[in-house]
Amino acid sequence: ELCGIEVFRVEEGRLSHCWNSGYIPGLWGRDGAEREAREPAILPSLSSIDTDWIQDILTSVDKSTPRVGVLQSVDRIGNGTLSETARVVLHYNADPENYPTTLFCKFNRSTPEIDAANKRVGFYEREINTYSFLRDHPDISAPKVYFAATNPDTGATNIVLEDLSTRTTPGDQVRGASVEEADAVVRALSHLHAKFLGTEPSDWLFDRQPRAAMFHDSYRIGAAALKEFLGSAVDACDYELIDRFEQLYLDWVNLPVGTKTVLHGDPRVDNILFEAGPSGIKAWLIDWGMTGVGSPQFDLAYFLTGSVPVDMRRQHDRRWIAEHAAELAKASPAYDLASAEMMFRAQAVGAACCNRAGRAYRRALGTRCRASDHPRSAQLRRRSRLGCLRRHTLAFYNVTGVAAPSWLTTPKRKHHGSVS
């Protein structure tokens with residue numbers, strides 16, 4: 001008993017252009033010979049994805065998964081810095097019922113520069129460990145993981161996740177988050193931080209303090225790259241601000257942070273998907289390569305100072321800090337608003353400078369995609385950096401109490417281009 005698929009085009013009442021799939025044991029609606037469960041291989045690239053590999057992954061999660069008959073498409077999506085991604089559409093030789101018909105696959109990019117950066121920081125291994133950890137915590141706003149593994153000999157990394165693309169909208173770093181989107185992110189971060197409040201450092205969680213010297217060096221390289229990339233589009237006092245913070249970087253990293261928790265580590269808005277539902281917007285946190293341990297206010301300050309338009313942040317940040325602190329106080333009654341506001345200020349100063357310099361550092365390593373990968377990618381990245389730099393810089397002035405220069409508080413000045 002064999003099963004396959006034949007597809008025809010109908011033209012003027014006639015069948016034409018027949019397409020045939022391959023044949024495998026079994027009949028539609030009935031299982032064929034039982035397939036032995038196998039450990040999924042770690043593939044070198046997206047082009048290696050086939051039905052057998054997808055079957056191995058799904059069967060390793062649920063042995064009752066129907067036969068995967070056809071992969072309709074493996075469509076590459078996105079322009080990730082460190083990874084290449086694809087959406088896989090599949091069909092079964094039976095009613096799929098509650099089984100996934102699409103999957104999201106994320107494989108590492110490999111260049112000498114990226115490999116060196118990964119060796120220093122461990123993005124891929126940490127993301128794999130994070131998804132393995134989150135398997136036991138489905139209430140955290142992260143996509144379900146089907147497979148996550150790396151080959152220690154070749155460095156190849158494969159992650160297969162629930163596909164959220166059909167019901168979510170990706171965050172827009174150029175536009176920034178709306179109030180409703182920011183509300184959803186604060187809720188998601190609050191739940192993450194409250195659930196794991198009191199977490200101590202461990203091998204797989206990123207901790208900036210032991211790596212302070214390394215990241216100080218990265219900050220310096222990134223600051224130089226930022227100046228080269230943006231040039232005169234940014235005023236000299238912005239660059240002076242970043243240079244001044246370099247002298248304080250080690251002091252900032254080593255600040256006592258009080259009670260620690262699990263951090264996302266990189267919650268900018270383009271690492272977030274938004275799902276609209278009857279009860280409002282839900283934020284899904286993705287890209288967990290910088291999952292760490294530290295002050296809960298780090299994530300909150302990182303997001304609010306870099307992904308929320310300045311005027312909106314000024315209007316709502318105290319409410320967001322209070323809502324976040326109230327959620328954490330449920331887990332630890334000693335966690336109070338006054339301490340949260342003080343720590344937010346300290347973390348916001350660092351986030352304002354480190355986020356900009358850190359992303360520029362990745363560019364200096366050559367890990368960004370070429371501009372030719374997308375006709376507007378260079379323009380969008382430039383606008384994104386300008387908009388975020390302006391938000392971060394204003395946040396720096398706000399939390400330190402120093403009056404910001406008038407040119408910085410005037411939106412859409414010609415000198416700076418059209419940025420939010």
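## Close-up views of a predicted protein model

**Figure 1. The protein chain as a whole.** The protein chain exposes about 19,900 Å², of which carbon and sulfur atoms supply 52%; accessible areas come from the Shrake-Rupley method with a 1.4 Å probe, and for residues only the protein chains shown count as cover. This is a predicted model, in which local features need pLDDT of at least 70 and side-chain atom pairs count only at pLDDT 80 or more, while totals for chains, interfaces and linings use all residues. Residues are numbered from 1 along each chain as its sequence is written, and side-chain values use heavy atoms, with hydrogens and water left out. The protein chain contains 12 helices and 14 strands; helices (H or I, at least four residues) and strands (E, at least two) are DSSP runs, numbered from the N terminus. Of the 420 residues in the protein chain, 52% are buried (buried means under 20% relative accessible area, exposed over 50%, and partly exposed in between, with a 1.4 Å probe and protein chains only). Among contacts in the protein chain with a separation of 6 or more, 69% are between residues 24 or more positions apart; contact means heavy atoms within 4.5 Å.

**Figure 2. An open sheet of 5 strands, with antiparallel pairing.** The order of the strands is β5-β6-β7-β9-β8. β5 (68–77) and β8 (145–150) stand at the edges with a single partner strand each, so one side of each has no neighbour in the sheet. On average, neighbouring strands of this sheet are turned by 20° against each other, direction ignored. Strands of a sheet pair through backbone hydrogen bonds, either parallel or antiparallel. Two strands are said to pair if DSSP finds at least two bridges between them. β5 pairs with β6 (residues 83–92) in the antiparallel sense over 8 bridges, and V68 has Y92 in β6 as its bridge partner.

Figure 3. How many residues of β8 are buried? The count is 5 of its 6 residues, and β8 is therefore described as mostly covered. The antiparallel strands β8 and β9 are joined by 5 bridges, and the bridge partner of V145 is L161 in β9.

Figure 4. Axes are lines fitted to C-alpha atoms, for helices over the stretch in contact, and angles run from 0 to 180 degrees between N-to-C directions.

**Figure 5. Strand β12 with its partners β10 and β13.** Strand β10 (residues 169–170) pairs with strand β12 (residues 272–277) in the antiparallel sense over 2 bridges. T169 has F274 in β12 as its bridge partner, and F274 also stands opposite A283 in β13. β12 and β13 (residues 280–285) run antiparallel and are joined by 6 bridges; they form a hairpin with 2 residues between them. The charged end of K282 sits over the ring of W284, 3.8 Å from its centre (a charge sits over a ring if NZ of Lys or CZ of Arg is within 6 Å of the ring centre and within 35 degrees of the ring normal).

**Figure 6. An aromatic cluster formed by Y219, F245, Y249, W252, F298 and Y302.** The structure holds 13 aromatic pairs. Y249 and W252 form a tilted pair, 6.0 Å centre to centre with 55° between the planes. Rings of Phe, Tyr and Trp (its six-membered ring) pair if their centres lie within 6.5 Å; planes under 30 degrees apart count as stacked, over 60 as edge-to-face and the rest as tilted. Y249 and W252 both belong to helix α7 (residues 249–253), where they are 3 residues apart, about one turn of the helix. Y249 counts as buried because its relative accessibility is 3%, and W252 counts as buried at 9%. F298 and Y302 also form a tilted pair, 5.6 Å centre to centre with 40° between the planes. F298 and Y302 are separated by about one helical turn because they are 4 residues apart in helix α8 (residues 296–307). Both F298 and Y302 are buried.

**Figure 7. S295 in the loop between β14 (292–294) and α8.** Is S295 buried or exposed? S295 counts as buried because its relative accessibility is 3%. Leaving aside residues up to four places away in sequence, S295 touches V257, T259, L263, M343 and Q347.
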